Amino acid sequence: MMSYDPSNIFARILRGELPCKKIAEDDHTLAFEDISPQMPVHILVIPKGNYVDWSDFASNASQEEHSAFTKMIGHVANLAGINDSGYRIISNIGNDGHQEVRHLHIHVLGGAAIGPMVSQR
Ligand code: 5GP
């Protein structure tokens with residue numbers, strides 16, 4: 001597993017070194033707007049702990065962190081008003097997953113029809 005690099009951009013946001021447009025937070029999780037939205041609604045949900053990927057999170061996060069992370073997805077979908085119209089969650093991991101920021105995150109995308117699940121290669 002790749003080790004966690006504390007200089008990644010989401011770590012800097014969590015430390016308050018960089019601003020973000022916050023949507024919601026709790027003790028374990030932060031949700032904020034993506035700086036380069038791919039859809040009318042594009043929210044990032046991240047654990048506040050230093051986890052690189054799902055393997056790291058599965059091995060090292062507490063039950064409270066797991067449940068907070070999951071609950072935040074439904075919460076921000078409601079806050080953004082996309083629960084009824086629908087949305088997609090995506091989590092890019094590692095090189096094949098094209099993960100640019102190596103702090104575990106979930107994209108919540110909605111506000112318009114997204115199209116088929118995976119684009120043709
Ligand atoms: P990934 O490719 O790792 O799944 O997604 C990283 C996401 O982080 C991208 O959608 C990108 O637009 C977003 N992003 C990169 N830098 C910043 C930043 O400084 N602030 C915010 N809010 N989003 C960022």
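So, are phenylalanine 10 and phenylalanine 32 buried or exposed? Both are buried, and buried here is under 20% relative accessible area, with exposed over 50% and partly exposed in between, using a 1.4 Å probe on protein chains only.

Quick housekeeping. This is a predicted model, so to speak: local features need pLDDT of at least 70, side-chain atom pairs count only at pLDDT 80 or more, and totals for chains, interfaces and linings use all residues. Residues are numbered from 1 along each chain as its sequence is written, and side-chain values use heavy atoms, with hydrogens and water left out.

Okay, rings. The whole structure has five aromatic pairs, meaning Phe, Tyr or Trp rings (six-membered ring for Trp) with centres within 6.5 Å; planes under 30 degrees apart are stacked, over 60 edge-to-face, the rest tilted. Phenylalanine 10 and phenylalanine 32 make an edge-to-face one, 5.5 Å centre to centre with 80° between the planes. That pair links distant parts of the chain, helix α1 and strand β2, 22 residues apart; helices (H or I, at least four residues) and strands (E, at least two) are DSSP runs numbered from the N terminus.

Next, tryptophan 54 and phenylalanine 57: edge-to-face again, at 5.8 Å and 85°. Both sit in helix α2, three residues apart, about one turn of the helix. Why does tryptophan 54 count as partly exposed? Because its relative accessibility is 35%. Phenylalanine 57, at 1%, is buried. Ring pairs also join Tyr51, Trp54, Phe57 and Phe69 into a cluster.
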